[in-house]
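Please look over the sequence and the structure shown here before reading on.

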Number of protein chains: 2
Amino acid sequence: MMNTPSEALLTDLYQLTMLQGYFEQRMNETAVFEFFVRRLPPKRNFLIAAGLEQVLEFLEGFHFSEEDIAWLGTQKNFHPEFLEFLKDLRFTGDVDAMPEGTLVFANEPLIRITAPMPVAQFIETRLINLLQFQTMIASKAARSVLVAPGKGLAEFGLRRAHGAEAGLLAARACYIAGFTSTSNVLAGKKFGIPISGTMAHAFIQSHEVEEDAFLHFARSNRDNVVFLIDTYNTERGAEKVVKLAPQLKAEGIQIRGVRLDSGDMATLSKRVREILDRGGLQEVKILASGNIEEEELRRMLSAGAQIDGFGIGTRLATSWDFPYLECAYKLQEYDGRSTRKYSEGKVTWPGRKQVFRSLDSAGKMNGDTLALINEALPGEALIQPVMREGKRVQAKPACSEMREYCLHQLSRLPETLTQLEPTEYPVHISEGMNDLVARLERDRRS
Amino acid sequence: MMNTPSEALLTDLYQLTMLQGYFEQRMNETAVFEFFVRRLPPKRNFLIAAGLEQVLEFLEGFHFSEEDIAWLGTQKNFHPEFLEFLKDLRFTGDVDAMPEGTLVFANEPLIRITAPMPVAQFIETRLINLLQFQTMIASKAARSVLVAPGKGLAEFGLRRAHGAEAGLLAARACYIAGFTSTSNVLAGKKFGIPISGTMAHAFIQSHEVEEDAFLHFARSNRDNVVFLIDTYNTERGAEKVVKLAPQLKAEGIQIRGVRLDSGDMATLSKRVREILDRGGLQEVKILASGNIEEEELRRMLSAGAQIDGFGIGTRLATSWDFPYLECAYKLQEYDGRSTRKYSEGKVTWPGRKQVFRSLDSAGKMNGDTLALINEALPGEALIQPVMREGKRVQAKPACSEMREYCLHQLSRLPETLTQLEPTEYPVHISEGMNDLVARLERDRRS
């Protein structure tokens, strides 16, 4: 028995009470669960599937440690035979899923878990926790990617992300969706994402004279010279950069860029561009940060902002306009029997599903069909086998490969869906699915 | 040198480039930073300080591991002497802060860090990451606590919290703000929070007959029998509970409650209460969950909902109406010199601060004064010493003590601030602070 730190207790208590119920009733037959989003958030035309790799790592390492079990023993409610059973509980099921970076719509499963009921149910909480967050963030990030083609986009959200893991996984999700870098050093190390960053206002303020701060920073970071120029006055900051440039050049130091972080940045960027160009610094890039998200990005670009790269933080890493997905992990089948829930306002499509996507003659997506897995329909089948009996059946792709795949997916979006304004994409229901629904309705009434 | 896993790389790249700058310029004088919220979110009348304990743990354990340093060595930009310097870098400074559970308003510092510049700057990212999230969540949670006095409030947000740490710390912040329990098992284990939970729809659906699911669950969880009754039809679910009660009673099992999770729960709860009461189950509690937050809570209670306890999840654990705080960690002083930033729209109050809070004759808060630490003003001084030269000077309080303290704080709120509608609370500026601002303005113009 492993005794490495486990994530097993990172769950809702009801998963443990249900697990004891399944164990004691010997309900060990195969269950099929699917995770999907019921409705897209108001300002999303599509979602981007992300977070699968973390789910697979969770499933591979899934176990209760000795410490977990000892602690559960101190809580009333859990029985000795049940605690004994937990010692050997592992994930030994199958996983089918959309690759990370796939475009996905409401009601389309991102993942299917096929496993003995106890463990298939138990993994729900962490699986949702991992998939919903990254999918939400990647989906938000893609809007900036579509609005600002050719611009550098750096994810800057760690400080206001909701905790450490949110910061790390937000950086990952943004990169998969097409961002160019992150400020998050650990995310760079863990996921191989390019890292970027400049300096903070405090660095400037800790010097009595702004020019000294610029000089000191440049000499200590010769390969990464980007000056933050808005601490006192943005235009005067730009003029100081122009004055310092010859001295730095003489020291062999090349200024790469300046960063704006406040004020009307579209207007300021044009003035700063003029100042830099007049000073012979045409090659110095202008970067901008500060409460930016896709709508502000579009506004600045259409106002003719002379900005080469954007740092996008808080509003992206929190998905502030809608910080959660209306998603569910639903039992579709138990012991060969299709299940369906009828709670008010929460009726779902039954069965094990496949999603078929068709393209028009120009190679643009023109409709999906939500079908059952035993149907053979035209189009690309999006859900693929990724784990069988607890073992991976695909090599682990690098984040950079997922990013390429996602950018290719984005290039197939019909023009209307690339806009920030809401548009519906057609998701059809297959004949097989309609037949199954009709049969379940008849059974229910009888 | 320690080689335990470190959080040091969980930071923005610019912290490292600035750190190299401070190191190479030998800028090792004392810096004073304060963390505060610039503006409260639209629907908050106050905030509740939370997250200090995690900041202190971070500061106590702060170091770069050998692995961190080796990896940094593989990145261009970092110099060998700098990497050598990182080996022994520790937090050896002072911390002054408001205790967790303290009510706090815009511009009032939650924490002050007084330490050599390099480390005082470097800790910024993780410090904000820890303080802003828990403060935001505790502040949101307090609104439910004020709206539903005497009701059970369970935090249910793990699955849609933004990652693992968000789930854990949201549970902690809600408990400090006065919630009664969490569904999050690991949060219960780590922080000593009471845990609660029932069953999911899948447990019901995995049985062909709803009654069997109830029976099986009750027999396996005799001390925690709460039935989810909305899977097919809420009222019929309640009738089934009434029919099963005698059989369970004969087996020595007491039904504690039923849970509603969909539909118009205020109306349904009254019908369910009638059904249960008519069936002799007056002692069975009614719990409700599903997209609840403080406004829906108030609406249900004023509609006469017969609900004893609420499970509040997604919208709380994501603070969905405003998922971040406009907060900053600002340099107030370097090497004895007061610093102030003049970026457009971001002017801040300078100096090392204290907050004095005064009470009226009825013991209700009637105004704060933002002052300098050397001023002696009437009222309670909210900012206290918590760490000196890197060592704690206060015992670590239990979360339950913080919760008691917070509930006491909430009881001192003036009536208007206990409402969900926006009200301003007076925060005055002291004479000493106004003098300092005037002096800095004169120096700046000269």
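**A helix pair and the chain contact**

In this predicted model, helix 2 of chain A passes helix 6 of chain A in a right-handed crossing. The axes of helix 2, which spans residues 52-61, and helix 6 of chain A come within 8 Å and cross at roughly 155°. Because angles over 145 degrees count as roughly antiparallel, helix 2 of chain A is described as roughly antiparallel to helix 6 of chain A. On the helix 2 side, A:Gln54, A:Val55 and A:Phe58 meet A:Arg126, A:Leu127, A:Leu130 and A:Leu131 of helix 6, and the residues of this contact divide into five nonpolar, one polar and one charged.

Helix 6 (124-147) of chain A also belongs to the elements that give two or more residues to the side of chain A that touches chain B. In that contact, 78 residues of chain A meet 78 residues of chain B, and the contributing elements of chain A include helix 7 (164-176), helix 10 (210-220) and strand 12 (326-334). The largest share, eight residues, comes from helix 1 of chain A, while the residues of this side as a whole divide into 32 nonpolar, 33 polar and 13 charged.

As for confidence, the mean pLDDT of chain A is 95, with 97% of its residues reaching 70 or more, and the model scores ipTM 0.96 and pTM 0.97.

Definitions and conventions: Residues numbered from 1 in each chain as written. Chains lettered and ligands numbered in written order. Predicted model: local features only at pLDDT ≥ 70, side-chain atom pairs only at ≥ 80, totals over all residues. pLDDT = per-residue confidence, 0-100. Contact = placed C-beta atoms within 7 Å. Helix = DSSP H or I, 4+ residues; strand = E, 2+ residues; numbered from the N terminus. Nonpolar A, V, L, I, M, F, W, Y, C, P; charged D, E, K, R; others polar. Axes fitted to C-alpha atoms, helices over the stretch in contact; angles between N-to-C directions. Parallel < 35°, antiparallel > 145°, perpendicular 65-115°, else oblique. Left-handed = near helix turned anticlockwise from the far one by under 90°.
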